[in-house]
Amino acid sequence: MTENIVDVSHFSYSYGELQAVRDISFQVKKGEVFSFLGPNGAGKSTVINTLITLLPLQKGTVQIAGYDLGSDQEKVRQSIGIVFQKITLDKDMKVGETLEFHGSIYQMGSAEKKNRIDELLNLVELSEKADALVSTLSGGMKRRLEIARGLMTRPKVLFLDEPTIGLDPQTRRKTWDYLRSVNKEGTTVFMTTHYMDEADLLSDRIALIDHGQIIIEGTPAELKQSLGNDIIYLDTSDNPRTTEILRDLSGIRKIAAYEGKVAITSEQDGTRLLPEIIREINGQGIDVCAVNLKKPSMDDVFLHYTGTEMRD
Ligand code: ADP
Ligand code: MG
């Protein structure tokens, strides 16, 4: 039986009149990387900030590492590591000191502290920078140091809010590597992101969140497969009529307008459906200008379930 290390049930949160999160429930299994994927304003930070005890629990029940968030905040806090959305490092501290200080707050013994610092600087490839001032680090190095700090106390769950926001593509990729190693070490990872590639590549499971609700949840493969086999993008001499004509054709799961084209989600093999589609619309006097066929991506998943493109 797989153990749920995070168990959230009927969670809601309001800022005054504004209901930011509406009655969501989800579980994170021990050892997995679980992502909240959604656009800005979806409610991701509100949920994660409540789980890490920065915001009060207003409604619902939350269990983390077996402790009840409502009654055992201190135990929850001791079981988790946190990496915030904004860099929160002290610029005037050295890299090693930053970890040292964090370990002291949590009353780690000095030998244990030293071992852990060596281990973590090694993990995030900052050993050479141990004596450098935080202010001299690049953005990517700062993020790596924050990840190391979040892991100092060997948390059962590491929480990260948008771990690669504002980083360049190369540094993002590096950060993903570190998060993978962290996870391999046995740490459960709970993260939020609005980057679909990130969620797709890193997560064992994803919960798609928008307007304070979970829209769908599953492994990246499950989410993509739920769209059908292939997606066909068509540009024709008359896209509105094409949409009308294809409504009755079998083998099509969904037709939507996307960036001025007709997006068709195919039930089965799209390469076989496509000639049929072309025959059908040619027969009605419509010309095909451009065709594109691809496997569903995480972007397509989002488009399908929210009807909007991901807003940055
Ligand atoms: P995300 O992290 O997915 O971008 P947030 O949880 O930050 O979303 O925000 C969810 C909603 O709550 C948004 O509509 C946002 O404007 C609102 N919100 C967030 N923080 C506050 C706050 N401190 N006061 C009022 N409204 C807030
Ligand atoms: Mg946020």
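Let me start with the surface: the protein in this predicted model exposes about 14,900 Å², and carbon and sulfur atoms supply 46% of that area. As for what is tucked away, buried residues make up 49% of the 312 residues. On charge, there are 37 positive and 46 negative side chains, and the centres of these two sets lie 3 Å apart.

Now the overall layout. The C-alpha atoms fill a box of roughly 80 × 45 × 40 Å along the principal axes, and the protein has 11 helices and 14 strands. If you take the contacts with a separation of 6 or more, 69% of them come from residues 24 or more positions apart.

Six of the strands form an open sheet with mixed pairing, and the order is 6-7-8-3-9-10. At its edges you'll find strand 6, residues 80–83, and strand 10, residues 213–218, each of which pairs on one side only. On average, neighbouring strands here are turned by 15° against each other, direction ignored.

Have a look at the strand 10 end with me. To find one on your screen, go to Ala207: its bridge partner in strand 10 is Glu217.

So which helices lie across these strands? Helix 6, residues 169–184, lies across strands 3, 7 and 8, and runs at about 150° to strand 8. Helix 11, residues 298–306, lies across strands 3, 9 and 10, at about 40° to strand 9. Thanks, everyone!

Notes:
Residues are numbered from 1 along each chain as its sequence is written. Chains are lettered from A and ligands numbered from 1 in the order in which they are written. This is a predicted model: local features need pLDDT of at least 70, side-chain atom pairs count only at pLDDT 80 or more; totals for chains, interfaces and linings use all residues. Side-chain values use heavy atoms; hydrogens and water are left out. Helices (H or I, at least four residues) and strands (E, at least two) are DSSP runs, numbered from the N terminus. Buried means under 20% relative accessible area, exposed over 50%, partly exposed in between (1.4 Å probe, protein chains only). Contact means heavy atoms within 4.5 Å. Accessible areas come from the Shrake-Rupley method with a 1.4 Å probe; for residues, only the protein chains shown count as cover. Lys and Arg count as positive and Asp and Glu as negative; His and the chain ends are not counted. The place of a charge is taken as NZ of Lys, CZ of Arg, CG of Asp or CD of Glu. Two strands pair if DSSP finds at least two bridges between them. Axes are lines fitted to C-alpha atoms, for helices over the stretch in contact, and angles run from 0 to 180 degrees between N-to-C directions.
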